[in-house]
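Dear colleague,

I am handing over to you the structure shown below. The notes that follow it set out what was found, topic by topic.

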Amino acid sequence: MKIIHLSDTHVGRDNNAERLSCLIQDIMALGNPQDYVVVHTGDLIDQGNEQQREQGAKILMQLTSHGWRVLLTPGNHDCGNAMQVDPTVAKQFRDKFSSFIFGARPAQFPVLTLIGDCAFIGLDSNQGEMGWLSRWFAEGHCGNQQIAALSTLLDTSEVNNKFKVLYLHHHPFFDAYAVAPDVGDGHYISHLLNWNTRRFRRLKDAYSLLQNIRDRVDVMLFGHQHYGLDYSAEAQRYGIPIALDGSSSTCTEMDTDRMRYRILDTGTGTIKNRFLKLPG
């Protein structure tokens, strides 16, 4: 089984729809869709409105209409914007993309998808911060109920002997800003802001989540920070062999001249990168 990891495509902003379409065309050029699962770890769209939902769905259906399997979990931009999440918008997104998020399963998280010898488990890392005060800044909160349900799911017989892939949107590791632009790069204001708000940019209940999945998950996929780093060394402290930040596949707010996505082979554990130049 090969997993294609996409994240933070922010369709609706700038020319990201065109960029994502280029990525989709490159994926389809790989051929043999039965050998792959595409996992998108949230922020498919940039603002939670109907126009962008329609645009995002149309692009993803380019894959499914050609036999590709796509799994999706919501990001904060899918459920609102960079500053807050909204329960109404979150429901609209889940309803619109139900086939990508839940498949034939009940519309609740964690969501389990069994494909071959792999168990894909999706979390909604917005679920615990839909209250009036907690929704602001949208740094992510799974909530005790969802984490407890995940722990129970990992003990079930249908999951226990599978290769387990956990995917969510928000970044669970504290050192996510280790590669933020420094003062030497001339980004003085962003450097000051990022350094002093670093502790607020991590998933709120990351510690509880990581303690619950310790030694029980084979791969962890997430996004949100747009850095695209391999956090496997950090994750191995929790007995998780592979942990990957999907970056922004469309290079939103990134100082780079090319797009990239990863392909993870679950049989060999090897990770390959494919690169595409930005359109235009």
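Pro110 is found in the loop that runs between helix 4 (98-101) and strand 4. The peptide bond leading from Phe109 into Pro110 is cis, with omega near 0°. Please bear in mind throughout that this is a predicted model.

**The second largest pocket**

Phe109 and Pro110 also belong to the lining of the second largest pocket, together with Arg105, Pro106, Gln108, Val111, Leu112, Ala149 and Leu153. The space in this pocket comes to about 170 Å³. Two elements, strand 4 (111-115) and helix 5 (144-154), each supply at least two residues of the lining. By class, the lining has seven nonpolar residues, one polar residue and one charged residue.

**The largest cavity**

Rolling a probe the size of a water molecule over the atoms shows where empty space is left. A search of the whole structure finds one cavity of 30 Å³ or more. About 60 Å³ of space lies in the largest cavity. Its lining is made up of His5, Gly228, Asp245, Gly246, Ser247, Ser249, Arg260, Tyr261 and Arg262. Which strand gives the largest share of this lining? Strand 9 does, with three residues. Sorted by class, the lining of the largest cavity has one nonpolar, five polar and three charged residues.

**Helix 1**

Helix 1 covers residues 16-28, which is 13 residues. Which residues of helix 1 are buried? They are Asn16, Ala17, Arg19, Leu20, Leu23, Ile24, Asp26, Ile27 and Met28. The cover over these buried residues includes strand 1 (2-6), strand 2 (36-40), helix 2 (50-64), strand 9 (258-265) and strand 10 (271-277).

**Cysteines**

How many disulfides does the count give? The count comes to zero disulfides. Cys22 is in no disulfide, and the nearest cysteine sulfur, that of Cys251, is 11 Å away. Cys22 counts as partly exposed because its relative accessibility is 28%. With a relative accessible area of 1%, Cys79 is buried.

**Residues with a positive phi**

Asn32 has a positive phi of about 50°, although it is not a glycine. Asn32 is placed in the loop between helix 1 and strand 2, and at 44% relative accessibility it counts as partly exposed. His224 likewise has a positive phi in a residue other than glycine, with a value near 80°. The loop that holds His224 lies between strand 7 (219-222) and helix 9. Is His224 buried or exposed? His224 is buried, because its relative accessible area of 18% is under the 20% cut-off.

Ala235 has its place in helix 9 (residues 232-235). With a relative accessible area of 0%, Ala235 is buried. Not counting residues up to four places away in sequence, Ala235 touches Phe173, Ile240 and Ala243. Ala235 and Phe174 are 61 residues apart along the chain, and their C-alpha atoms are separated by 11 Å.

Glu253 lies in the loop between strand 8 (242-245) and strand 9. Glu253 is exposed, because its relative accessible area of 63% is over the 50% cut-off. Which residues does Glu253 contact, leaving aside its neighbours within four places in sequence? Glu253 is in contact with Arg13 and His226. From C-alpha to C-alpha, Glu253 and His226 are 7.9 Å apart in space, while in sequence they are 27 residues apart.

With kind regards

Note on methods. Residues are numbered from 1 along each chain as its sequence is written. This is a predicted model: local features need pLDDT of at least 70, side-chain atom pairs count only at pLDDT 80 or more; totals for chains, interfaces and linings use all residues. Side-chain values use heavy atoms; hydrogens and water are left out. Helices (H or I, at least four residues) and strands (E, at least two) are DSSP runs, numbered from the N terminus. The expected span of a helix is 1.5 Å times one less than its number of residues. Buried means under 20% relative accessible area, exposed over 50%, partly exposed in between (1.4 Å probe, protein chains only). Contact means heavy atoms within 4.5 Å. On a 1 Å grid over the protein atoms alone, a cavity is a set of points where a 1.4 Å probe fits but cannot get out, and a pocket is an open set with protein on both sides within 12 Å along at least five of seven lines; lining residues have an atom within 4 Å of a point. Grid points are joined across faces, edges and corners, and a volume is the space filled by probe spheres set on the points. Ala, Val, Leu, Ile, Met, Phe, Trp, Tyr, Cys and Pro count as nonpolar, Asp, Glu, Lys and Arg as charged, and the others, Gly among them, as polar. A disulfide is a pair of cysteine sulfur atoms within 2.5 Å.
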